[in-house]
Amino acid sequence: MAVLLSSLSWWQSLLLLGIAIPIYVFVLCIYRLTLHPLAQYPGPLIAKLTEWSIVYQTATGDRHLDLLKGHEKYVQEGPIVRVGPNTLSFNTVSAVKEVYFNRKGNVQKSKWYSIIEASAGDEDSIHAEIDRNVHASRRRVIEHAFTEKGLRSAERYLVLNVQTFREIIQESIKDEKWSSPFNMSQWATYLNYDIMGDLVFGRRFNCMTSEEHRFVPGVLMNGTAFIYTFASLPFGSILRKILGSGILAKPWIGGSMARDEMRFYQYSDEVLADRVAQEEKAGRDDDSSARKDMMHYILNAKDPQTGEGFSRQHLTAESGLLIAAGADTTSTTLAAAFFYLLHNPRVMELLVKEIMSFASSRGDGEITPFETIRLPYLRAVIDETLRLSPPVPSLLPREVLKGGIRIGEELIPEGSVVGVPTYAIHHNPEYYPEPDMFYPERWLVASEDEAASSAIPRSSEAVSVAREAFSPFSQGARGCIGRQLAYLELHAALFMLLHRFDVRLAKDAATGKVMKNSKAWREGSVPVMDPEDQKDDWREERKRRQEFQLFDRFLSDRSGPMVEFKERLV
Ligand code: HEM
C-alpha cells in the first residue's frame with residue numbers, strides 16, 4: 001500500500017482517498033447494521049451507525065433523558081437498547097446485578113474512564129482506574145478514610161458547617177418575617193464544598209462566607225461537562241495524550257471549558273500541597289493533637305496486602321476526585337430534596353412531624369448526625385429524591401471482557417460496552433409503580449392498615465424489588481465509597497434546617513409565580529427550571545410531572561429551587 005501511494009502524485013493520492021473514504025464509511029455502516037455482533041438489538045439508526053450520537057447527547061446535557069426515552073420507545077422489543085454502535089443500555093435488575101453488583105462480573109470500566117482524568121497527570125484516581133486489581137489495592141488504602149471511626153470524627157464538622165448556614169439564613173430574616181430567597185442549588189453547593197474541605201483537607205473553603213473559593217464549583221462543572229463529551233469522542237484514548245499535555249487548555253485552542261478542566265486539578269493540587277506540608281510539620285513536631293481528616297488517613301495508610309501507600313501523583317488525582325465526587329453529588333441531592341418537599345406539602349408535613357417528635361423526645365439533649373440516620377421517613381425522603389433525581393444520572397460504561405457476559409437471557413460478546421442508565425431504571429414502572437410520583441412511602445413496608453390506603457404496593461417484596469434496582473451510588477466493587485458519608489450529611493443537613501426553619505417556595509412579588517433566578521448563580525449555570533412553569537420550547541421529557549431538572553454532565557448541573565426560611569415557633 002505504502003509503495004502504491006508513494007508512486008502516485010499528490011492529486012492522485014487525494015483522488016484515491018476521496019474514493020476510498022466514502023467506500024470505507026459505506027461498508028462500515030452496512031457492517032454495523034447487519035453483521036456486527038450487536039446488530040440484532042433495537043435502537044435509533046443513528047446510534048447503530050456512529051458514536052457521534054453519544055457525543056451529541058453528552059454535549060446537550062440531556063443524555064439521561066435520551067436514554068430513558070430510548071427504553072420507553074423500544075419497550076415492546078425488550079429492555080435492551082443499542083445506544084451506540086458498540087454500546088448496549090439495559091433497563092433491568094439482572095443487568096444491575098451482573099454489570100455492577102457482582103464483584104466477579106466479567107466486565108471492567110470502559111476506556112472512557114482512562115481519559116476523564118488525563119489533566120490530573122499520568123496517574124488515575126481510584127474512580128478512573130480501569131485495572132480491577134490495581135483498583136482493589138488502591139481502594140483498600142482509601143477505605144481507611146471512610147471507617148466508622150473516621151465518620152464519627154467527621155460529625156462535629158458537619159454540624160459546625162450546617163450551623164454556619166443556619167446563621168447566614170438567620171441573618172437574612174428581618175423582623176421575624178421570611179428570609180430573602182436562597183437559591184438552594186447554590187447554597188447547598190457552598191455548604192457541601194465547605195463540608196468536604198473540612199472533612200478531606202481539614203480546612204474550610206469558606207464558600208458560604210466569602211467569595212474567594214466560590215469559583216471552584218463552576219470550574220468543576222465546566223471541566224466535567226467538557227471531559228464528559230471529549231472522552232466520548234471516537235478515538236478518545238488517542239486523544240488522552242492531547243488532553244494530558246494541556247494543549248487544549250491554551251487560550252488559542254481550547255475554550256473556557258477545557259481550561260477549567262485543567263484549572264480544577266491545579267486547584268486541588270495546590271490544596272493538597274498545603275495539606276501535605278501540614279502533615280509533615282505535624283510529624284516533625286510530633287504533634288499528636290493535629291487534625292485527623294481524611295487526608296491524614298490517606299497520607300498515612302498502606303495497602304494491607306501490598307504494603308504500598310499513594311504516590312504524590314496519585315494523591316493529586318484522589319484530591320480532585322474527593323472534592324468533585326463528594327461535594328457536588330451531595331449538594332444536588334440536598335437541593336432536589338428541598339424541591340420535592342416544597343412541591344409535596346403532604347410529605348413535608350409528615351417529615352417535619354417526624355423531626356419535631358424525635359427532637360422533643362430528646363428534650364434538651366444534643367442530637368448527633370448519626371442519630372438522625374435512624375429517622376425512617378427522613379431516609380425515605382432522601383431515597384425518593386435520589387431515585388427521581390440521581391446526581392450521576394446516566395449510563396456508567398463497562399467493557400465486557402474475554403469470554404463475554406451473560407445478562408439475563410443474553411450472551412453479550414467480549415469488547416461490547418454495557419451499562420444501566422440510573423435515571424432510566426429509576427423510572428422503570430416494573431420496579432417503581434407510578435414512577436413519576438414523589439412517594440417516599442414506597443421505601444417503607446406498609447402495615448395492613450397503611451396498605452389499604454397506599455397509592456402503590458408496599459409489601460416487603462415490592463420494597464425489596466425497589467431496593468435492588470436502586471443505584472444512585474452504583475453498586476459493587478466500583479460503587480461509591482462515600483455512600484455512608486453522603487447519607488450522614490444529608491440526614492444532618494435536612495434535620496438541622498427543617499428543625500429550625502419553616503420553609504416555602506419564593507414567589508415573584510409581581511407575578512405571584514414561583515421565583516426564577518434570572519441571574520446565573522455562577523458562570524455558565526443553568527436557569528431555575530420549575531416544571532410547574534413549563535415552557536413550550538422545553539423538550540417533552542423535561543415536562544415530567546414536578547421533577548427537579550438535572551443537566552447531565554456526568555455529574556449533574558442544576559439550579560433552584562428558590563427558597564425562603566422563617567424561624568419555627570416551637
Ligand atoms: C449523594 C451523594 C453521592 C452520590 C449520588 C454518589 C454517586 C457515586 C457513583 C454513582 C459512583 C460510581 C461512579 C462510576 O462508576 O463511574 C461513585 C463513586 C465514588 N464516590 Fe460517590 N456519590 C456520592 C457521594 C460521595 C461522597 C460524599 C464521597 C466522599 C468523598 C464520594 C466519593 C466517591 C468515590 C471516591 C468514588 C469512586 C469509588 C471507586 O471507584 O472505587 N461520593 N459515587
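Start your tour by selecting β1 and β2, which pair in the antiparallel sense over 4 bridges. Here two strands count as paired if DSSP finds at least two bridges between them, and helices (H or I, at least four residues) and strands (E, at least two) are DSSP runs, numbered from the N terminus. This is a predicted model, where local features need pLDDT of at least 70, side-chain atom pairs count only at pLDDT 80 or more, and totals for chains, interfaces and linings use all residues. To find your way, number residues from 1 along each chain as its sequence is written.

Next, look at the link: a hairpin of 2 residues joins β1 to β2. Across this pair, I80 stands opposite F90 in β2.

Now select residues 87-90, strand β2, together with residues 417-419, strand β8: their pairing is parallel, over 3 bridges. T87 faces V417 in β8, while S89 has G419 as its bridge partner there.

Stay on β2 and show the side chains. T87 and S89 point one way, L88 and F90 the other, and all are buried (20 or more other C-beta atoms within 10 Å of a residue's own, with C-beta atoms placed from the backbone).

Zoom out to the open sheet of 5 strands, ordered β1-β2-β8-β5-β3 with mixed pairing. Its edge strands, each pairing on one side only, are β1 (80-84) and β3 (107-109). On average, neighbouring strands are turned by 35° against each other, direction ignored.

Finally, select residues 63-73: helix α5 packs on the sheet and touches β1 and β2, its direction making about 140° with that of β1. Contact means C-beta atoms, placed from the backbone, within 7 Å; axes are lines fitted to C-alpha atoms, for helices over the stretch in contact, and angles run from 0 to 180 degrees between N-to-C directions.

Technical notes: Two residues are in contact if their C-beta atoms, placed from the backbone, lie within 7 Å. A residue is buried if 20 or more other C-beta atoms lie within 10 Å of its own, exposed if 12 or fewer, and partly exposed in between; C-beta atoms are placed from the backbone.
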